[in-house]
Amino acid sequence: MLSTRIGISEIREGSDNIELTIRPEDLHLEYRDAIFESPIFVEIETHRTGLEIMLILDVETTIGLICARCLENFEYEFASSFELHLKAQKGGLRNIDFAEEDFAFIDKDMGIIDLEERIRDEIILEIPQIPLCSEECPGIKYGGKNENIDPRWQKLNKLKQDNEVENGSPEKKK
């Protein structure tokens, strides 16, 4: 893994690209029911004009999630882009983590940009709150003879079948 910390002096005048491959455990990623096993690929496009710096980050990874409809595991292809802006100045901050803002003043000689927290936040905040394996997901398959019925519903299914036997099938009553 390359470090998520970049020294201001490493960013050259003009445009450049930096590519990072980060292990999920290095970002301390945790989110309910999400499995982070795939590496995180980060491409950073840098633009520097004098004391002004713009970073464009493209973050990609694969996250294991559980579908909210059918409760099956699936792989979610995560991709997100965001921009960060800096202005280098004498006496600016020496360490920038972009935890609260996307703009910062940084010390032009000794400044360090730490992207770890910002990348982690971007991933966590962009995970769907209601993850779906597909928009067409029909949900949990349920039927009288479906063997995939959740065992907790078996007794209710038996009551329904017993009721139909006692009172006749709902189709016959119509």
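Reader: How many disulfides does the count come to?
Author: Zero disulfides, by the rule used here. That rule asks for a pair of cysteine sulfur atoms within 2.5 Å. C67 is in no disulfide, and its nearest cysteine sulfur, that of C133, is 3.7 Å away. C70 is in no disulfide either, the nearest cysteine sulfur being that of C67, 3.7 Å away.

Reader: What should I know about the source?
Author: It is a predicted model, in which local features need pLDDT of at least 70 and side-chain atom pairs count only at pLDDT 80 or more, while totals for chains, interfaces and linings use all residues. Residues are numbered from 1 along each chain as its sequence is written, and side-chain values use heavy atoms, with hydrogens and water left out.

Reader: Back to C67 and C70. Buried or exposed?
Author: C67 counts as buried because its relative accessibility is 1%. C70 is buried too, with a relative accessible area of 14%. Buried means under 20% relative accessible area, exposed means over 50%, and partly exposed is in between (1.4 Å probe, protein chains only).

Reader: Which elements does the chain have, and in what order?
Author: The protein chain has four helices and eight strands. They are DSSP runs numbered from the N terminus, with helices as H or I of at least four residues and strands as E of at least two. From the N terminus on, the order is β-β-α-β-β-β-β-β-β-α-α-α. Of the 174 residues, 33% count as buried.

Reader: Which residues touch the most other members of the largest nonpolar core?
Author: V42, L55, L57, I119 and I123, out of 33 residues in that core. The elements giving two or more residues to this core are β2, β3, β4, β5 and α2. A nonpolar core is a set of buried Ala, Val, Leu, Ile, Met, Phe, Trp, Tyr and Cys residues joined through side-chain atoms within 4.5 Å.

Reader: And what does I123 touch?
Author: Leaving out residues up to four places away in sequence, I123 touches L27, L29, F36, I40, V59, I63 and F78. Contact means heavy atoms within 4.5 Å.

Reader: Which residues of α2 are buried, and what covers them?
Author: In helix α2 (residues 116-126), R118, I119, R120, E122 and I123 are buried. Their cover includes β2 (14-22), α1 (24-27), β3 (40-49), β4 (52-66) and β5 (73-89).

Reader: E122 and R118 are charged. How far apart are their closest N and O atoms?
Author: They are 2.9 Å apart, and the two residues form a salt bridge. The term means a side-chain nitrogen of Lys or Arg within 4 Å of a carboxyl oxygen of Asp or Glu. E122 and R118 both lie in α2, four residues apart, about one turn of the helix. E122 has a relative accessible area of 10%, so it counts as buried, and R118 is buried at 11%.

Reader: How many salt bridges does the count come to?
Author: Eight. One of them joins D114 and R5, with the closest N and O atoms 3.6 Å apart. That pair links distant parts of the chain: D114 is in strand β8 (residues 112-114) and R5 in strand β1 (residues 5-7), 109 residues apart. R5 counts as partly exposed because its relative accessibility is 42%.

Reader: Where does L65 lie, and what does it touch?
Author: L65 lies in strand β4. Not counting residues up to four places away in sequence, its contacts are D33, A34, E72, N73, F74, Y76, I127, P128 and P131. L65 is buried, with a relative accessible area of 3%.
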